[in-house]
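Here is a friendly briefing to read alongside the model. It starts with the whole chain and then turns to one residue.

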Amino acid sequence: MPAAPAPPTASSLTHDAQRREIMEHPEKIGPDVEELMRYLTIVQFGRGRVAKEDLEIAGAQIKKGD
């Protein structure tokens, strides 16, 4: 079974105006992808993210289960 596209990719593929804008101005792809990743998270599509173990990211302590 093929993997489903990530939400930002799916959004770009299904919105003609956005896809056309990126095709005409490829220099915008970086900011567009960053914005889509910020806006469309996997949490919106039914799967949460939970830490499997205690860890530290950029000085922030994340506890198992958070």
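Helices (H or I, at least four residues) and strands (E, at least two) are DSSP runs, numbered from the N terminus. Read from that end, the elements of the chain follow the order α-α-α-β-β, giving three helices and two strands. This is a predicted model, in which local features need pLDDT of at least 70 and side-chain atom pairs count only at pLDDT 80 or more, while totals for chains, interfaces and linings use all residues. Residues are numbered from 1 along each chain as its sequence is written, and side-chain values use heavy atoms, with hydrogens and water left out.

**The chain as a whole**

- Of the 66 residues in the chain, 12% are buried, meaning under 20% relative accessible area with a 1.4 Å probe, protein chains only.
- The chain exposes about 5,800 Å², and 59% of that comes from carbon and sulfur atoms (Shrake-Rupley method, 1.4 Å probe).
- Counting contacts (heavy atoms within 4.5 Å) between residues at least 6 apart in sequence, 26% join residues at least 24 apart.

**A look at Asp54**

- Asp54 sits in the loop between α3 (29-39) and β1 (55-57).
- With a relative accessible area of 48%, Asp54 is partly exposed, a class that lies between the buried limit of 20% and the exposed limit of 50%.

**Asp54 and its partners**

- Beyond its neighbours within four places in sequence, Asp54 is in contact with Ile62, Lys63 and Lys64.
- Asp54 and Lys64 are 10 residues apart in sequence, yet their C-alpha atoms lie 4.7 Å apart in space.
- The Asp54 side chain reaches the backbone nitrogen of Lys64 at 2.7 Å.

Methods: Polar contact = N/O pair within 3.5 Å; in protein donor to acceptor, adjacent residues only side chain to side chain.
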